[in-house]
Structures are given as C-alpha cells and as structure tokens.
Amino acid sequence: MIEFKGLIKKFGNRTVLNGLDLIIREGEIVFILGTSGTGKSVLLKNIVGLMRPDEGEIWIDGEEVSRFSEDQYFSIRKKCGMVFQQPALFDSLTVFENIAFGLRRHFRLSEREVTDRVQLALKLVNIQGVEQKRPTQMSYGMQKRVSLARTIALQPKILLFDEPTTGLDPITTTVINHLIQDLSKQLKSTSIVVSHDMNCALSIADRIVVLDKGQIEAIGTPDELKKSQHPLVRDFLAEVLSL
Amino acid sequence: MISLFTETFLGVFRPPFRKKEFFQQLHFVANTSLAIIVFCVSFAAIVTILESSFHMKLVIQNDSMVPGFAAVLILRELAAIVTALLLASRIGAGYAAEIGSMQITEQIDALKMLGIDPINYLVVPRFLASIAGTMMLTVIANVFCLLSAILVSQLYLGFTFGMFISSMHRFVHFQDIIFSMIKGACFGAVIPIVASYFGFNCKQGAEGVGHATTNTVVLASIGIIVVDFILSYTFSHIY
C-alpha cells in the first residue's frame, strides 16, 4: 500500500503539490490525470525518492520513506519499476545490456538466467530479435517498449508509468495500454499511471485521480467519474464522449 | 560543486571499482587527445623559444640563456597549462554534453532506479581517468615541447644539441618534472568535476546542453588558471 499524507512540493515560489492526501491499495491500477504542470510526474518521482517532498509523509508498505537516505531508498527502488516519460535507455549499451543491467545489479543470476529473463521481458512487450541493437537504431515506439521490458524484467511489486504513451501512434498506444493491464495482472503489481489519456483510463483503471494545482479534484472508479459533474472531469470526458 | 568533489573523492575509495569504465575513459582522455595535444604544444614551444630569443637579443644583446630559459618555462608552465586548457575544451565539453543529455533524457533517474549511484558510475571513472590521462599527456607534452625547442634552436638560433642540453642543465631541476606532473594531475581533477556539475544541472532541451558545455569550458579554464596560480605560488616556496 502507498499512502501520501499532506504532501507538499515546491519549486521556488511555485507550489506543485499542495497538501496532497491519497491512498493507493495493493494490486490496483490507478490512473492520475491532470493538465500539464499539475504535479503528476512530481508525485511519481516522490514515491521513489528521485524528488523529495518539502512537507508531508509517504508511506510504502508500512514504512515512512520520505526522509530516507539514498542508501535506504535502494530497497524501495528495488520494489518499484518506473517507466519514464522518455525511454531513458542507456545509449552506450545494447538492448540486451540495457535490460540485463538491472537484473545483474539486483539479483544473483547466472548469465543463462539473465538471458532467459531478458528474452521473456522482450516477449511480453511483443518485440524480439532486437537484443543486439543500440537504442539509437530503433524507433521511438520500440525504445518505449524496450524501456517497459527493462522495468518488467525486474518483476517489481509497484509499477510506475510516467506518460507511457506520449508521442506514440494510436496503434502502439493501444498495445502499450493493454500491456499495462496485462502486466499488472501477471506480476500482481500495484500500478500507478500518469497520463492524459482518459479513454485508456476509463478502460483499464481501477480508480482514476484527477489532479489540478497540486490537489485532488476528483477521485473514483471509471463509472463514478463518468457521472461526475466536476468541470475538469467533464473537460477530460468531453473528448472521450465525443468519439 | 564542492559537495560533488567531496562525494567523488570519497567514491574513489568506495566499491564497486569500475575498471572497464576507467580504461574506456582513459582511452578517451589520453589516446584520442594525444595528436592534438602534441601538435598544439609543439607549436607553442616553437613560438616561446623564438620570442624569447628575439626579446633577449633586443634587451641584453645576447640569447645564450634562451635554451635554459625556454626549458624552465616549458616544464614549469607551458606544457601543463596548454595541455589542460586543450583538454578542458575537448573532454570537458564532451563530458558535460554526455552527462547533460543523460540528465534531460532521464537516464540519470533510470540509473538511480536500477540502484546505481550516478557519481560512482559516471563521475568517479571520469575523474580518475582525467587525472591519470592529463598527467600522462603533460609528460608527453613536456617531451614534445623540448624536442620542438631543440629542433628550432638548432635550425634557426644556431645552438647545437649539446649547447641546448648544457644550458638546460643549469636551469632545470628534477623537481620541475615532478611539479609539472602534479600540476597535470590537479588540472585533470578540475575538468570532470566542473563538467559533471553542469551536466547534472543541465536544463531541458538543446539550449540547456549548449549552456552546460559552454559553462563547463569557461569555468574549467578559469579553474585551471586559478589552480595553476595556487600551485605555482606554493611550489615557488619549495624551490
């Protein structure tokens, strides 16, 4: 379980998260929606200590982690897998090395086992035969999938997706969205997805959180949100309902 | 930047020791920079000895001390500083652009997520390779500077090889070579720290990377000149 209590994050005079309270239950898929600059990515980065809150608490599986040192955060990061907004693949390494990098670091595996886990991760994201390619030799969509493979190869308990489908074509977007749902079920992970895509949120989320100005404006199941009269939620729904 | 230097320095003694990355970086610093360093320092030495001769003849109507004077200038100052300034532009800009690009494409965050300390993985090998590489290149630069000076003094100034060496003997001491290597090592330490600092603090976009590289070259050059002053002042009390 992940719990945020009165989370505040500021950048200079700008308050990005403004006393946010939220509980994410184990095994659920939660979509966080909001316009740009409302603190969605900041929220994700606070979970894994890539950013630290100015005030408030973050509880992960019964531990208050917001004041953890970098070394202490290692155990939290080991539990979490994060797919970044950018593919964030290491340019100097091949696809195989990119995926094997974390496996070698986190687990004591034989080279055979590493190879098997890399191939399984690539199979799950529907790309194979690219192990020896460099990230720069692949399309953006392929890089995103490899990035996803790198994350799921570690079989994390918590999956964090930061706009996983931004910049992708509609077909790849659909594939990635289904992957998120399938992987969450297969790995029995808790998934938090930051997105602008209400359509996808309505089809695969267990709950949807709508953020605005660093605070939760609306929260509920897809069915509950469809009935919401909140103007921001209606704006997000407008595009989906007009389809 | 002080905190980055402290963390890097402590990281040198903290495992894992990344030998593969160290040798890759050493190749980048030393091997790939060798030709340009040799070319530039040789010309700098030629200009130095010709100018010294011209001015000595003009002022004291005698240039017999030119070989010794030039050798001291080369060993104490010229080879180390020219090498370091060239490396600040070449490897400093390279490091800043590389780490800056990694920062803005979230590769640094990805490293942290995989449990890798970016300072240990990126900065420490570059720091050690830059120190070792700059020190080695300084020694090589000294040799090529002296060879160029000997060649020019034979061809244009009328000194024989023996005259040059005997004049050099009177002026140059063994500690000049040691001090030159110490300078090289210190200059080599400045470059990756400045580059990594601007790389880690790189702002988004191509403009951000451009700023990071420009700032690195400017600040590393200033840093090298300041460190040179401090070391020269300190060494002057040891002679």
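Predicted model: local features only at pLDDT ≥ 70, side-chain atom pairs only at ≥ 80, totals over all residues.

Me: How many salt bridges does the rule find across the interface of chain A and chain B?
Reply: The rule finds two. In a salt bridge between side chains, Lys45(A) meets Glu106(B), at 3.2 Å from N to O.

Me: And how many residue pairs are in polar contact there?
Reply: Between chain A and chain B, nine residue pairs are counted.

Me: Which element of chain A gives the most to the side that touches chain B?
Reply: Helix 3 of chain A does, with four residues. By class, that side of chain A has eleven nonpolar, five polar and seven charged residues.

Me: How much area do the two chains bury between them?
Reply: Chain A and chain B bury about 1,600 Å², of which 63% is on carbon and sulfur atoms. In chain A, the residues that lose the most area to chain B are Leu50(A), Phe90(A) and Phe101(A), together 30% of what that side buries.

Me: New topic: why is helix 5 of chain A described as largely enclosed?
Reply: Eleven of its 13 residues are buried, so the rest of the structure largely encloses helix 5 of chain A. Among the buried residues are Val146(A), Leu148(A) and Ile152(A).

Me: What covers them?
Reply: The cover over the buried residues of helix 5 of chain A includes strand 6, helix 3 and helix 6 of chain A, as well as helix 4 of chain B.

Technical notes. Residues numbered from 1 in each chain as written. Chains lettered and ligands numbered in written order. Heavy atoms only, no water. Buried area = accessible area lost by both parts, 1.4 Å probe. Salt bridge = Lys/Arg side-chain N within 4 Å of Asp/Glu carboxyl O. Polar contact = N/O pair within 3.5 Å; in protein donor to acceptor, adjacent residues only side chain to side chain. Helix = DSSP H or I, 4+ residues; strand = E, 2+ residues; numbered from the N terminus. Nonpolar A, V, L, I, M, F, W, Y, C, P; charged D, E, K, R; others polar. Buried < 20%, exposed > 50% of the residue type's maximum accessible area, 1.4 Å probe, protein only. Contact = heavy atoms within 4.5 Å.
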